[in-house]
Amino acid sequence: MLRNRRATPRTNASEEQFQALIADHAEVIYRVAYSVVRDEHLAEDIVQETIIKAWQALPSWRGDGSLRGWVLSIAHNTAVSYLRRMRDTSTEPARLPERASSADVERETDARADLDRLRLALADLDELSRSIVVMRDLDGLPYQQIAEALDVPLATVKTRLLRARRELQRVVEAGVHT
Amino acid sequence: MNTERPPFDGDCDRDRDFERDFDADLESELAATDNVLHRSLAQLLAPPADLESRTQDHVANSLMSRSLLGTGADLLTVGWQTLRLMWSEPEPEPDADETEVTR
């Protein structure tokens with residue numbers, strides 16, 4: 001009847017493992033989470049939940065593929081679940097972490113406006129493409145690992161990345177030239 | 001752990017077809033790096049400076065709370081089962097006559 005739980009690390013070895021899990025992955029989890037939910041506080045919640053899930057499931061991790069890819073698959077799925085839950089429960093569009101208005105963008109300084117344009121362009125991509133861009137272009141994960149982490153074909157990773165990059169580059173270049 | 005794997009909205013079959021036509025030009029476009037885009041994305045998605053320490057504190061506390069709650073639930077379960085055993089009437093011993101009949 002007693003359940004098998006994995007609680008706070010107590011031994012030195014598991015304490016080190018626990019700290020390494022956070023040190024190695026917290027930032028990249030945050031980037032994936034933020035790209036999906038577009039809200040800083042939610043992204044932090046997702047980091048914490050992902051670390052908890054990964055820590056508890058670590059003993060059962062088979063070790064095939066990279067640990068980074070495995071952790072990011074948990075992060076992406078957790079972030080997508082958060083987003084869907086919010087869409088299901090919130091009827092007020094204002095409560096969803098959506099884009100800023102174009103009027104807001106114009107009020108900002110140029111540098112800030114460039115980032116806001118990029119944020120808008122990123123928000124226009126689907127969740128899968130956003131995660132692919134972050135995993136590849138910011139964290140340098142190999143295509144195959146991204147495909148495994150997101151459970152999609154390799155071709156999907158490449159095509160989504162290409163389309164997403166073209167769209168984002170168009171926005172970034174437009175900002176540079178204005 | 002893929003317990004939460006939601007279906008994606010994408011047209012993966014169409015992407016698979018696309019791969020057959022994925023020529024060398026596209027591969028080289030894919031391999032090219034765009035530093036401006038990289039810098040902008042890194043800036044946009046930069047985590048807070050104290051993310052690591054905050055995550056560590058919060059996750060450790062959360063695991064501890066879950067562990068304590070779980071232990072409490074286990075103790076309650078064990079206590080309840082013990083009380084049930086104590087309160088339940090003992091099974092009657094088959095008496096000698098019944099033993100004779102069944103024999």
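A residue counts as buried when its relative accessible area is under 20%. Keep that cut-off in mind for the close-ups below, which come from a predicted model.

**View 1. A:Ala149, a buried residue in helix H7 of chain A**. Helix H7 of chain A runs over residues 143–150, and A:Ala149 is part of it. Look along the chain to A:Val172, 23 residues away from A:Ala149: the C-alpha atoms of the two are 28 Å apart.

**View 2. A:Tyr30 and A:Tyr34, a stacked aromatic pair**. Across all chains, the structure has three aromatic pairs. One of them joins A:Tyr30 and A:Tyr34, with ring centres 5.9 Å apart and 15 degrees between the planes. Both tyrosines sit in helix H1 (residues 12–37) of chain A; they are four residues apart there, so about one helical turn separates them. And are A:Tyr30 and A:Tyr34 buried or exposed? Both are buried.

**View 3. Helix H6 of chain A packing on helix H3 of chain B**. Here H6(A), residues 127–138, meets H3(B), residues 35–44, at an angle of about 115 degrees, and the axes are 11 Å apart. That angle makes the two helices roughly perpendicular. The crossing of H6(A) past H3(B) is left-handed.

**View 4. The residues where H6(A) and H3(B) touch**. From H6(A) come A:Val133, A:Asp137 and A:Leu138, while H3(B) brings B:His38, B:Leu41 and B:Ala42. Sorted by class, this contact has four nonpolar residues, one polar and one charged.

Notes
Residues numbered from 1 in each chain as written. Chains lettered and ligands numbered in written order. Predicted model: local features only at pLDDT ≥ 70, side-chain atom pairs only at ≥ 80, totals over all residues. Heavy atoms only, no water. Axes fitted to C-alpha atoms, helices over the stretch in contact; angles between N-to-C directions. Parallel < 35°, antiparallel > 145°, perpendicular 65-115°, else oblique. Left-handed = near helix turned anticlockwise from the far one by under 90°. Contact = heavy atoms within 4.5 Å. Nonpolar A, V, L, I, M, F, W, Y, C, P; charged D, E, K, R; others polar. Phe/Tyr/Trp six-rings, centres within 6.5 Å; stacked < 30°, edge-to-face > 60°. Buried < 20%, exposed > 50% of the residue type's maximum accessible area, 1.4 Å probe, protein only.
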